[in-house]
Amino acid sequence: MAFPATRLRRLRINPLVRAGLQETDLSARRLMAPLFVRPGRGVRLPISSMPGQYQVSIDELVREAQGLRRRGIVSILLFGIPSKKDNVGSEAYAASGIVQQAIRAVKKAVPDMLVAADLCFCEYTTHGHCGIIRKGDVDNDATLKIIARTAIAQARAGADIIAPSGMMDGMVKTIRQALDKNRFKNTLIMSYAAKYASAFYGPFREAAESAPKFGHRHSYQMNPANAEEALREVAEDLAEGADLVMVKPALPYLDIIRRVKDKFHVPVAAYNVSGEYAMVKAAGQRGWIDEKRVTTEILTGIRRAGADLIITYHAKDLLLPRI
Ligand SMILES: [Zn+2]
């Protein structure tokens, strides 16, 4: 049936009809806030390329988590900046490592906060790469051993979700086996399954102090031009036992989010990364865009593309209804 019997504007004229028929909802429970924790007390260091984001000490982190929980944000993703780095990133898996301490503190103060721990070594190594270096490149299988140790340390500290981000082959299987062997069979794995070698990570490297000292990450992160390969990565991680799969970054890869969702019918997370955040903030500060509306539109777009969960630095800026 065509015009004039069909008038699609009829669905938009009354705001109640328009709102009632909205297809995609953006609620606080869909958002996960990434946070950066560092040693010290009362520390709150602004990250200059990410206005509104800070490196915080554990006491401040707890306050941050409480504030987020009050706004209805029920999950956080933790990144650690260690007190000292070495060439194997040992503070990542030390029981007293910064993230392990942070997990314990948050779970104690805000027990109903879902805590995900990023699992990688680039913040913890002197060379800034995501694993153990052999012959000038990250050695995949040697890195798997410290991935297992780190997953157990994070689970022991109370992490609900282990989120391996290093794009090592076999990392999900390694973590699942290590967790199961240590009786953490209900600890979830959110795999950074399709992680692209993206220029949009720029501000994060300042935030996490994780820029590589030599070379690049192209031997483990994906070529931005590839989509089929992303589906293979996701299939692989699901076969190895990933509970949620992530696409990162989000905005330039909305097609990947949709294809993953359509093909696998599994929970999909999308990481709205630092560079995406920084662009919106920069334009917003200059008055070039309406920051709030743009942010809502972007996050709704990522949801519409198929993401169940969005990891975003905008989480605390959005005034969303409590759940
Ligand atoms: Zn890394």
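# Why these labels?

Tutor: Let's start in the loop between α7 (202–207) and α8 (228–240), where E209 is found. Keep in mind that this is a predicted model.

Student: What makes E209 count as partly exposed?

Tutor: Its relative accessibility is 34%. Buried needs a value under 20%, exposed needs one over 50%, and partly exposed is the range in between. With 34%, E209 therefore counts as partly exposed.

Student: And what is the phi of E209?

Tutor: Phi of E209 is positive, about 50°, and E209 is not a glycine.

Student: K135 is not a glycine either; what is its phi?

Tutor: Phi of K135 is near 50°, again a positive value. K135 is found in the loop between β6 (133–134) and β7 (137–138).

Student: Is K135 buried or exposed, and how do you know?

Tutor: The relative accessible area of K135 is 88%. The cut-off for exposed is over 50%, so K135 is exposed.

Student: Now the other end of the scale. Why is S165 called buried?

Tutor: S165 has a relative accessible area of 4%. Buried means under 20%, so S165 is buried. You can find S165 in the loop between β8 (161–164) and α6 (171–181).

Student: Which residues does S165 touch?

Tutor: Leaving aside residues up to four places away in sequence, S165 touches D118, L119, C120, Y192 and K195. C120 also turns up at the zinc ion, as one of the coordinating residues.

Student: Which atoms coordinate the zinc ion, and at what distances?

Tutor: The SG atoms of C120, C122 and C130 do, at 2.2 to 2.3 Å. A donor has to be within 2.8 Å of the metal, so with distances of 2.2 to 2.3 Å these SG atoms qualify. Along the chain the donors follow the spacing C-x1-C-x7-C. Both C120 and C122 are buried.

Student: What makes V74 count as buried?

Tutor: The relative accessibility of V74 is 15%. Since that is under the 20% limit, V74 counts as buried. V74 has its place in the loop between α3 (58–70) and β4 (75–80). Its C-alpha atom is separated by 7.6 Å from that of A28, although V74 and A28 are 46 residues apart along the chain.

Student: On to the helices. Why are α10 and α11 called roughly antiparallel?

Tutor: Helix α10 (residues 274–285) and helix α11 (residues 291–305) pack at an angle of about 155°, and their axes are 9 Å apart. Angles over 145 degrees count as roughly antiparallel, and α10 and α11 therefore get that label. The contact uses V280, K281 and G284 of α10, together with E291, V294, T295 and I298 of α11. Sorted by class, that gives three nonpolar, two polar and two charged residues.

Student: What makes α4 and α5 roughly parallel?

Tutor: The axes of helix α4 (residues 98–109) and helix α5 (residues 140–157) cross at roughly 25° and come within 8 Å. An angle under 35 degrees counts as roughly parallel, so that is the word for α4 and α5. Their crossing is right-handed. On the α4 side the contact is made by V99, Q100, I103 and R104, and on the α5 side by A153, Q154 and A157.

Note on methods:
Residues numbered from 1 in each chain as written. Predicted model: local features only at pLDDT ≥ 70, side-chain atom pairs only at ≥ 80, totals over all residues. Heavy atoms only, no water. Axes fitted to C-alpha atoms, helices over the stretch in contact; angles between N-to-C directions. Helix = DSSP H or I, 4+ residues; strand = E, 2+ residues; numbered from the N terminus. Parallel < 35°, antiparallel > 145°, perpendicular 65-115°, else oblique. Contact = heavy atoms within 4.5 Å. Nonpolar A, V, L, I, M, F, W, Y, C, P; charged D, E, K, R; others polar. Donors = N, O, S within 2.8 Å, 3.2 Å for Na, K, Ca; no water. Buried < 20%, exposed > 50% of the residue type's maximum accessible area, 1.4 Å probe, protein only. Left-handed = near helix turned anticlockwise from the far one by under 90°.
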